[in-house]
Amino acid sequence: MNTPSASLGKNRIHQIDAEVLATRRAGAYTVLTLSANQIAAAAKPGQFVTCSVGEVGTGLILRRAFSIHDVTSTGGQGGTIDVVVAPHGGGTQWLAQRRRYDKVNVSGPLGQGFKVPREPVSCVLVGGGYGSAPLFFLAKVLAARGCRIEMILGGATADKVFGILESRRAANSTTLVTEDGTLGVTGRVTDVLVDSINRFDAKAIYACGPMGMLAAISELAVDAEVACQVAVEEAMACGFGVCMTCVLPIKGDDEVPRLVRACVAGPVFACEQVAWHL
Amino acid sequence: MKVNMAVDLGGLVLTNPVLTASGCAASGRELDRIFDITTLGAMITKSIMLEPRQGRPTPRMAETPSGMLNSIGLQGPGIDRFINEDLVWLAERGVPTIASIAGTHVHEYAELTRRLRSAPGVVALEVNISCPNHDDRDHVFACYPEPAAKVIEAVRRSAPFDLPIFAKLSPDVTDIVEIAHAVVDAGADGLTLINTVLGLAIDPKTLRPVLSAVTGGLSGPAIRPIALRCIHQVRAALPKIPIIGVGGVTSGQDALTFLAAGANAISVGTWVFSDPNAPARVSQELAQELKARGVSDVNEVVNLAHAEYPLESDAVVSLNE
Ligand SMILES: Cc1cc2nc3c(=O)[nH]c(=O)nc-3n(C[C@H](O)[C@H](O)[C@H](O)COP(=O)(O)OP(=O)(O)OC[C@H]3O[C@@H](n4cnc5c(N)ncnc54)[C@H](O)[C@@H]3O)c2cc1C
Ligand SMILES: Cc1cc2nc3c(=O)[nH]c(=O)nc-3n(C[C@H](O)[C@H](O)[C@H](O)COP(=O)(O)O)c2cc1C
Ligand code: FES
C-alpha cells in the first residue's frame with residue numbers, strides 16, 4: 001500500500017490525457033478547449049499548463065507551456081480549460097493542428113497566479129500577442145469582484161492581436177494597438193498605457209507578453225506609482241521546479257537579485273521584484 | 001505472482017530498483033506533488049556544493065532531437081541549507097536519500113562528506129566528478145583516472161566506513177573501463193553510469209551557440225545507446241561492482257534493457273520533464289514486464305545481455321512464447 005503523500009491534496013499537480021473538445025482559429029492563433037476537469041477546478045488566473053507534443057516516440061521530448069486562457073468548471077465532471085496556441089516551432093505547430101476528439105497530455109495547474117485586489121478597484125490589463133491569453137481568465141475573476149477593467153491588447157500586426165471580440169464582453173473598455181497600424185492605435189501598448197491609467201484612475205496593472213514589453217510597462221507603472229504584476233515567459237524544460245532551466249533574477253526583501261525559478265516562484269511577479277536590467 | 005523488486009547494491013538494500021537522477025528531481029518536494037515519492041527505491045538529490053551557487057546565465061537549455069542540452073552550472077543552496085531544509089524534509093518524508101556531492105577541489109569533496117556524516121536519511125553518497133578541477137587547469141576530474149581516483153579516495157577517507165559511495169562517471173572518455181577501475185581501486189563501492197554527454201547546439205538563424213555557456217550536457221533518449229554501451233563494458237570488466245544505470249530511460253522496457261546490460265538499479269532523469277510521473281510508471285511497468293516473462297525476482301535479469309548467459313534463461317525464453 002502506498003502511504004498517502006505528504007503534499008498531494010490541494011497542491012497536487014494533475015496530469016491528464018485530455019480530449020480536445022473544440023478548436024477555433026483566432027487570427028494567427030488556435031484556441032484549444034480541453035477536457036481537464038481537475039485542472040479546471042484548481043486553476044487560478046495567471047497559472048499555466050504544460051502539454052506533451054508530437055506522436056508517441058517523437059523526438060520532441062519536452063512539454064510546452066501555455067497560459068490558462070479560460071476555465072469552465074461545472075463542479076461536476078465537465079470542467080474544461082482553453083489554451084491559445086501561437087504556432088512557432090515544431091511543438092506548437094503540432095498542437096495547433098489538433099482536431100476534435102484528439103488527445104493531448106496536459107499537466108497543471110502550474111506556477112503562481114495573479115494576486116487580485118480586495119477592493120473593487122479599476123484595473124488595466126495589458127497583453128502583447130498571445131500574452132493576452134491569461135488576461136481573460138483574470139478578467140472574469142476581477143469582474144466577479146466588481147473591478148472595472150480596461151484592456152490594452154497589442155501585437156505587431158492585426159492578426160497577432162489576441163482577443164479582439166472576447167474583450168468586448170470581458171472588459172469595460174478596450175484599446176487595440178498594432179505596430180504596423182493595421183488595427184487600432186499605431187505603436188506599442190506602452191504608448192497608450194499612461195493615458196489609460198489616468199483616464200480610469202487605475203489602481204492595478206496586470207501585464208503579460210514579451211519580456212521587453214513587460215520591462216517597459218514596469219518602468220511606467222513604477223513612475224505612475226500603480227501596483228503592477230507581470231507574467232513572464234522563460235524557456236522551461238520541466239515546468240514544475242525540478243530542472244532549474246527557467247531562472248530569472250528576482251530581488252528578495254533585501255533588494256539583492258537572485259536567480260529564481262519562473263515556473264514555481266512565478267510566472268507572475270510584482271514588477272518591482274524583477275531585476276530587468278540583469 | 002508477486003515480483004521481488006528489492007535490490008542489494010553491495011549492502012545498500014533498496015525496496016525498488018527505480019531511482020531519480022541527480023539534477024532531475026531537485027530534492028523531492030516538487031515530485032511529491034505528482035506521485036508518492038516514498039515508492040521510489042531512493043531519491044538521488046541534485047549535486048550539492050559547499051557554498052550557495054547561482055549557476056550559469058540563461059539560456060541554460062536547448063531541446064535537441066530526442067534529447068536536450070543543459071548548462072545549469074550546479075545552481076544550489078549550499079551544503080548547510082541543503083542539510084537543514086532538504087535532507088531534514090526527505091528524512092521526515094521517509095525517503096532513502098542518496099546525496100550527490102560536487103566540488104572543484106579535492107578537499108571540497110572531503111569537506112562535503114564530513115558535513116554529511118551525521119545528516120539524516122542519507123543511505124549513500126553519489127560523487128559527481130564531472131566538474132572542472134580548479135587545481136588542474138579546469139580539467140574535468142571524471143576524464144582522467146588519477147584525479148578521479150583522488151576525489152574518491154578523499155571521500156572514502158572522510159566517510160563512515162559503512163556509508164556506500166557511488167562514483168558517477170562521464171562517458172566523455174576514451175576508455176571508461178580504465179576510469180571505472182581507478183575509482184573502484186580508490187574505494188568506490190559502486191558506480192553510476194552515465195553522466196551527460198558534452199554537446200553543442202547552434203541556432204540556425206543567428207549561427208551562435210544556443211546556450212550561454214556555449215556547450216552543455218546532452219541527456220534523454222538520444223544518449224541511451226551510449227549509456228547501455230558504458231554499462232555493458234564496465235560490467236564485463238567488473239563483474240561484481242554495483243551499477244546504477246542512467247541515460248535516456250523512459251519506460252519499464254528501457255529499464256529492463258539497462259538491467260540486462262549490467263545495471264542493478266536504474267535512475268530516471270530527463271524523462272521526468274517529459275512525464276513527471278515517469279519514475280512511478282517505470283517501476284510499475286518494470287514489474288509488469290518481469291511478470292509477463294514469468295520472472296519473480298528483478299535481480300534475475302541483471303547481466304542477461306552478456307554472452308556468458310545462456311539463451312535458455314527463463315526471462316529470455318518466455319519472450320519468444
Ligand atoms: C509560463 C509560460 C506561458 C506560455 N504561454 C503561452 C501561450 O499561452 N501561448 C503560446 O502560444 N505560447 C505560450 N508560451 C510559449 C510556448 O511555451 C513556446 O512558444 C513553446 O514552448 C515553443 O515550442 P515550439 O516547439 O513551438 O518551439 P521550439 O523553438 O521548437 O521549442 C524548443 C524548446 O524551447 C522551448 N521554448 C522555445 N521558445 C520558448 C518560449 N518562448 N517560452 C518557453 N519555452 C520556449 C520549448 O518549450 C521547447 O522545449 C508560454 C511559455 C511560458 C513559459
Ligand atoms: C537539467 C539536468 C541537470 C542535471 N544535474 C546533474 C547534477 O547536478 N549532478 C549530476 O551528477 N548529474 C546531473 N545531471 C545528469 C543526470 O543525472 C543524468 O546522469 C543524465 O541526464 C542522463 O540521464 P537521463 O538521460 O535520464 O537524463 C543533470 C541532467 C539534467 C538534464
Ligand atoms: S522549468 Fe524546470 S525548474 Fe522551472
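Me: Which residues come nearest to ligand 1?
Reply: A:Ala65, A:Val84, A:Gly91, A:Thr92 and A:Glu233, out of 22 residues around ligand 1. A residue is near if one of its heavy atoms lies within 4 Å of the molecule. This is a predicted model: local features need pLDDT of at least 70, side-chain atom pairs count only at pLDDT 80 or more, and totals for chains, interfaces and linings use all residues. Residues are numbered from 1 along each chain as its sequence is written, chains are lettered from A and ligands numbered from 1 in the order written, and side-chain values use heavy atoms, with hydrogens and water left out.

Me: Which chains surround ligand 1?
Reply: Chains A and B, so the site is shared between chains.

Me: And what does A:Glu233 do with a nitrogen atom of ligand 1?
Reply: A polar side-chain atom of A:Glu233 lies 2.4 Å from that nitrogen. On the oxygen side, a backbone N or O atom of A:Ala65 is 2.7 Å from an oxygen atom of ligand 1. A polar backbone atom of A:Gly89 is also 2.7 Å from an oxygen atom of the ligand.

Me: Switching to the interface. How much area is buried between chain B and chain A?
Reply: About 2,900 Å², with carbon and sulfur atoms giving 55%. Buried area is the accessible area (1.4 Å probe) that two parts lose on being put together, summed over both. On the chain B side, B:Arg33, B:Glu63 and B:Phe273 lose the most to chain A, together 24% of what that side buries.

Me: How many residues does each chain put in?
Reply: Chain B gives 38 and chain A gives 34. Contact means heavy atoms within 4.5 Å.

Me: How many salt bridges cross the interface?
Reply: Two. The rule wants a side-chain nitrogen of Lys or Arg within 4 Å of a carboxyl oxygen of Asp or Glu. B:Glu30 and A:Arg261 form a salt bridge, 3.0 Å from N to O.

Me: How many residue pairs are in polar contact there?
Reply: 14 between chain B and chain A, both residues at pLDDT 80 or more. A polar contact is a pair of N or O atoms within 3.5 Å; within protein, one must be able to donate a hydrogen and the other to accept it, and residues adjacent in sequence count only if both atoms are side-chain atoms.

Me: Now salt bridges in general. How many over all chains?
Reply: The structure holds 22. One of them pairs A:Arg24 with A:Glu166, closest N and O 3.6 Å apart. The two are 142 residues apart, A:Arg24 in strand β1 (residues 14–26) and A:Glu166 in helix α4 (residues 166–170) of chain A. Helices (H or I, at least four residues) and strands (E, at least two) are DSSP runs, numbered from the N terminus.

Me: A:Glu166, buried or exposed?
Reply: Buried, because its relative accessibility is 19%. The cut-offs are under 20% for buried, over 50% for exposed, partly exposed in between (1.4 Å probe, protein chains only). A:Arg24 is partly exposed at 36%.

Me: Where is B:Asn16?
Reply: In the loop between β2 (12–14) and β3 (18–20) of chain B. B:Asn16 counts as buried, at 8% relative accessibility. Its side chain reaches the backbone nitrogen of B:Val18 at 2.8 Å.
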